[in-house]
Amino acid sequence: MRATLRDVTLSYDQSTTVLKNFTCTIPSGELVALLGPSGSGKSTILNLLAGLLTPSAGQILFDQTDVTRQDSRHRNIGMVFQDYALYPHLTVHDNIAFPLKMAHVKRAARQQRIAELANLVQLSDQLAKFPRELSGGQQQRVALARALAKHPQLLLLDEPLSSLDTTLREELLTVIHDVQRATGVTTLFVTHNQEDALQIADHIMLLANGRLQQVGTGHDLYVHPQNLTVARFIGRPQLNLWPVATLPARLRASLPANALAQAATLGIRSEAIRLADTPAAAHFTATVTQQRQLGRDTLTHLRTTTDLVSTAISPTNQAALPLSIDLHGCQLFSAIGDCLWTWGGGGRTP
């Protein structure tokens with residue numbers, strides 16, 4: 001099932017508009033991540049799709065059916081929350097069974113469905129346990145199975161990994177991905193964590209300031225950002241920003257002249273900053289201010305004559321380093337943040 005918000009406006013009062021003329025589509029059968037910082041409107045969109053909020057204007061469509069004013073109980077959706085929301089007095093079996101009982105599904109069919117779902121989320125041996133006896137990841141698997149019990153048309157996951165440690169996050173990401181592939185249910189995965197979104201989503205919708213900034217694959221958003229907001233949000237370490245006015249002459253000369261003439265800022269990915277083969281080949285020099293070991297990677301902070309930049313190189317000395325910029329890692333932005341040029345061929349034509 002395809003879910004669409006069409007020209008949706010949501011206002012809590014005359015002075016507070018959360019969304020204005022907002023449009024987006026979750027394609028049928030896809031796992032789509034709604035990604036953005038806290039307060040960007042992610043949960044608002046999820047609640048609109050769930051029927052927990054009603055828009056001030058616009059339409060919400062499930063395929064061609066207008067469900068804008070339809071009660072949440074009649075939308076055939078499944079929801080998984082950040083805090084599990086399991087019934088503590090019920091076993092895993094009975095938590096999964098609960099929506100089936102409410103729908104008056106016959107016992108034999110109910111038992112078959114519970115067995116299917118427990119196997120799908122890898123909890124077949126935990127059915128007799130209570131939530132307090134499970135890890136956080138296992139509890140969230142129960143919540144996922146319960147959300148899928150009634151064969152929903154749309155599965156809504158509201159920050160389902162936020163309460164989990166790194167190891168459990170990785171495990172549950174795999175479970176969510178595999179379950180979505182096995183069931184084919186249209187899924188919206190709401191998160192502020194770009195690594196989670198990049199790892200499992202078919203497409204990412206990047207939301208900021210109540211506006212849909214860009215929709216695409218993780219590669220699209222990284223290589224072809226439509227604006228500076230997208231470019232800064234996607235990728236770790238964060239994009240280095242260098243005012244065009246202070247760029248070294250040698251670096252300016254290597255950039256496309258037409259785009260450079262309209263640009264205010266050069267974005268440089270950390271992996272694009274490299275030690276030059278020779279001082280004569282350097283675009284600029286810099287000194288090391290700090291180095292951090294991030295697992296197998298090293299993050300090095302450098303000071304140029306005018307700015308601070310971060311890179312993935314790990315020099316052994318702190319002296320002035322001859323550095324070059326690989327253009328396959330650079331983007332030019334206008335004063336209002338539009339991407340004018342990127343090494344991947346994106347941006348506007350100057």
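Reply: Strand S15 (residues 297-303) pairs with strand S16 (residues 308-311) in the antiparallel sense, over four bridges. Strands pair here if DSSP finds at least two bridges between them. Helices (H or I, at least four residues) and strands (E, at least two) are DSSP runs, numbered from the N terminus. Four residues make the hairpin that joins S15 to S16. Leu302 stands opposite Val309 in S16.

The model is predicted, so local features need pLDDT of at least 70, side-chain atom pairs count only at pLDDT 80 or more, and totals for chains, interfaces and linings use all residues. Residues are numbered from 1 along each chain as its sequence is written, and side-chain values use heavy atoms, with hydrogens and water left out.

Now the sheets. Axes are lines fitted to C-alpha atoms, for helices over the stretch in contact, and angles run from 0 to 180 degrees between N-to-C directions. S11 is joined to strand S12 (residues 265-268) by four bridges, and the two run antiparallel. Trp242 stands opposite Leu266 in S12.

Another open sheet has six strands, ordered S6-S7-S8-S3-S9-S10, and its pairing is mixed. Strand S6 (77-80) and strand S10 (211-216) are the edge strands, each pairing on one side only. The twist averages 20° from one strand to the next. S6 and strand S7 (residues 154-158) run parallel, joined by four bridges. Met79 has Leu156 as its bridge partner in S7.

Helices pack on this sheet. Helix H1 (residues 42-50) lies across strand S3 (31-35), S6, S7, strand S8 (186-191) and strand S9 (203-208), and runs at about 150° to S7. Helix H4 (residues 136-148) touches S6 and S7, and its direction makes about 170° with that of S6. Contact means heavy atoms within 4.5 Å.

Helix H2 (residues 92-102) packs with helix H3 (residues 107-120) at an angle of about 130°, their axes 10 Å apart. H2 and H3 are therefore oblique to each other (under 35 degrees is roughly parallel, over 145 roughly antiparallel, 65 to 115 roughly perpendicular, the rest oblique). Their crossing is right-handed, meaning that the near helix is turned clockwise from the far one by less than a right angle, with anticlockwise counted as left-handed. H2 brings His93, Ile96, Ala97, Leu100 and Lys101 to the contact; H3 brings Arg110, Gln111, Arg113, Ile114 and Leu117.

Buried means under 20% relative accessible area, exposed over 50%, partly exposed in between (1.4 Å probe, protein chains only). The buried residues of H2 are Val92, Asn95, Ile96, Ala97, Pro99 and Leu100. They pack against H3 and H4. Just after H2, His104 takes a positive phi of about 60°.

Last, Ala3, in strand S1 (residues 3-13). Ala3 counts as buried because its relative accessibility is 1%. Its C-alpha lies 7.4 Å from that of Ser28, 25 residues apart along the chain. Beyond neighbours within four places in sequence, Ala3 is in contact with Cys24, Thr25, Ile26, Leu49, Leu61, Phe62 and Leu154.
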